[in-house]
Amino acid sequence: MILRLNQFIFNTIIKRSHFPIVQDAAQEQAKLNVLRIATGLIVMTRLLLNTYATYYYFEPVTWFAGISLPPQFLVSLGLLLLVFLFTIGWMTPLVTFLLLLTYNGVDQYLGTGTLGSNVLTSMLLLFFLVNAGARYSVDAYLLGKGNPWIARLYALLGFPSRRQLTVYYFLAFCAYGVLSLGALTFHLKDPYWFQGLTVGVMLTNSYLSRFYEVFRALEYNAPQAYLVFSKVSVLLQSIFQGLMLPMMFTRIGKWFVVGWGAAFFIISI
């Protein structure tokens with residue numbers, strides 16, 4: 001049934017769009033594992049900062065042998081360990097599944113949840129479905145040594161074909177599109193966003209942007225140009241978030257989504 005559903009999505013939707021189609025499943029697995037490592041490093045950087053902050057922000061509790069630590073610190077430390085194992089690729093399918101169950105919950109518990117947390121959950125689901133972890137990882141080494149436990153772990157889902165990979169990519173993209181559309185509905189209730197001021201204010205804010213001095217200088221020396229830049233950025237971001245999915249059915253729309261999406265990712269980092 002799953003294979004029939006994959007075939008239906010591929011033939012009736014993906015082939016009629018300009019969504020990229022995977023040509024080589026083995027090569028794509030290599031890319032996915034590089035992406036797994038990059039994602040893990042980014043998330044670890046965020047969690048290291050969060051874990052450090054929880055140690056000082058929350059009230060400590062005495063545990064055993066007189067050791068006093070905030071429970072939030074221990075929870076964040078546990079999540080950091082899971083992300084570390086995900087990054088190095090040890091028992092990756094199991095660790096990815098555990099991250100799917102816990103990451104958003106821990107973020108809500110610590111009060112650090114963002115749209116990025118939900119996007120990460122979509123990515124983790126993709127990594128889980130495609131069995132990312134069999135390359136450039138501890139698992140790859142153990143598989144090469146014939147470890148039966150690791151082999152059985154990867155055999156549970158197996159490795160998808162190029163058509164299945166394309167469908168999984170498309171579904172992950174749809175999830176991101178829906179999340180972005182949901183975010184836009186919140187933005188449109190914000191008068192700053194509606195007036196096109198959000199990007200300009202965000203970039204000059206010392207709390208949100210480490211390069212705030214550069215943008216403050218731009219705003220001071222060319223206020224009208226900076227205002228236009230902010231309004232155009234908000235407009236294009238609104239188009240990106242609101243029309244991401246339908247734009248993939250036109251060639252120009254596809255390149256706008258790819259280009260603006262890449263720029264948005266780089267600026268966010």
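This is a chat about one predicted protein model and how its parts pack together.

Visitor: What should I know about the model before we start?
Guide: The model is predicted, so local features need pLDDT of at least 70 and side-chain atom pairs count only at pLDDT 80 or more, while totals for chains, interfaces and linings use all residues. Residues are numbered from 1 along each chain as its sequence is written, and side-chain values use heavy atoms, with hydrogens and water left out.

Visitor: How many helices and strands are there?
Guide: The protein chain has 13 helices and two strands, where helices (H or I, at least four residues) and strands (E, at least two) are DSSP runs numbered from the N terminus. Its C-alpha trace spans about 65 × 65 × 30 Å along the principal axes.

Visitor: And how much of it is buried?
Guide: Of the 269 residues in the protein chain, 38% count as buried; buried means under 20% relative accessible area, exposed over 50%, and partly exposed in between, with a 1.4 Å probe and protein chains only.

Visitor: Which residues touch the most others in the largest nonpolar core?
Guide: That core has 39 residues, and Ile14, Phe19, Leu47, Leu99, Val130 and Val257 touch the most other members. A nonpolar core here is a set of buried Ala, Val, Leu, Ile, Met, Phe, Trp, Tyr and Cys residues joined through side-chain atoms within 4.5 Å.

Visitor: Which helix gives the most to it?
Guide: Helix 8 gives the most to this core, with seven residues. A second, separate core of seven residues includes Leu184, Trp193, Phe215 and Val234.

Visitor: Back to Leu47, what does it touch?
Guide: Not counting residues up to four places away in sequence, Leu47 touches Ser76, Leu79, Leu80, Val83 and Tyr103, and contact means heavy atoms within 4.5 Å.

Visitor: New topic: how many cavities does a search of the whole structure find?
Guide: The search finds one cavity of 30 Å³ or more, and about 50 Å³ of space lies in the largest cavity. On a 1 Å grid over the protein atoms alone, a cavity is a set of points where a 1.4 Å probe fits but cannot get out, and lining residues have an atom within 4 Å of a point. Grid points are joined across faces, edges and corners, and a volume is the space filled by probe spheres set on the points.

Visitor: Which residues line it?
Guide: The largest cavity is lined by Thr39, Gly40, Val43, Val83, Phe86, Leu99, Tyr103, Leu120 and Leu124. Helix 2 gives the most to this lining, with three residues, and helix 2, helix 3, helix 4 and helix 5 each supply at least two.

Visitor: Where do the buried residues of helix 5 pack?
Guide: They pack against helix 2, helix 3, helix 4 and helix 8, and the buried residues of helix 5 are Ser117, Val119, Leu120, Ser122, Leu124, Leu126 and Phe127.

Visitor: Is Ser233 buried or exposed?
Guide: Ser233 is buried, with a relative accessible area of 11%, and this residue is found in helix 12. Leaving aside neighbours within four places in sequence, Ser233 is in contact with Val199 and Trp260.

Visitor: What about Gln23, buried or exposed?
Guide: Gln23 is exposed, with a relative accessible area of 63%, and its place is in the loop between helix 1 and helix 2. The C-alpha atoms of Gln23 and Arg163 are separated by 8.5 Å, although these residues are 140 residues apart along the chain.

Note on methods
1 Å grid on protein atoms, 1.4 Å probe; cavity = no way out; pocket = protein on both sides within 12 Å on 5 of 7 lines; lining within 4 Å.
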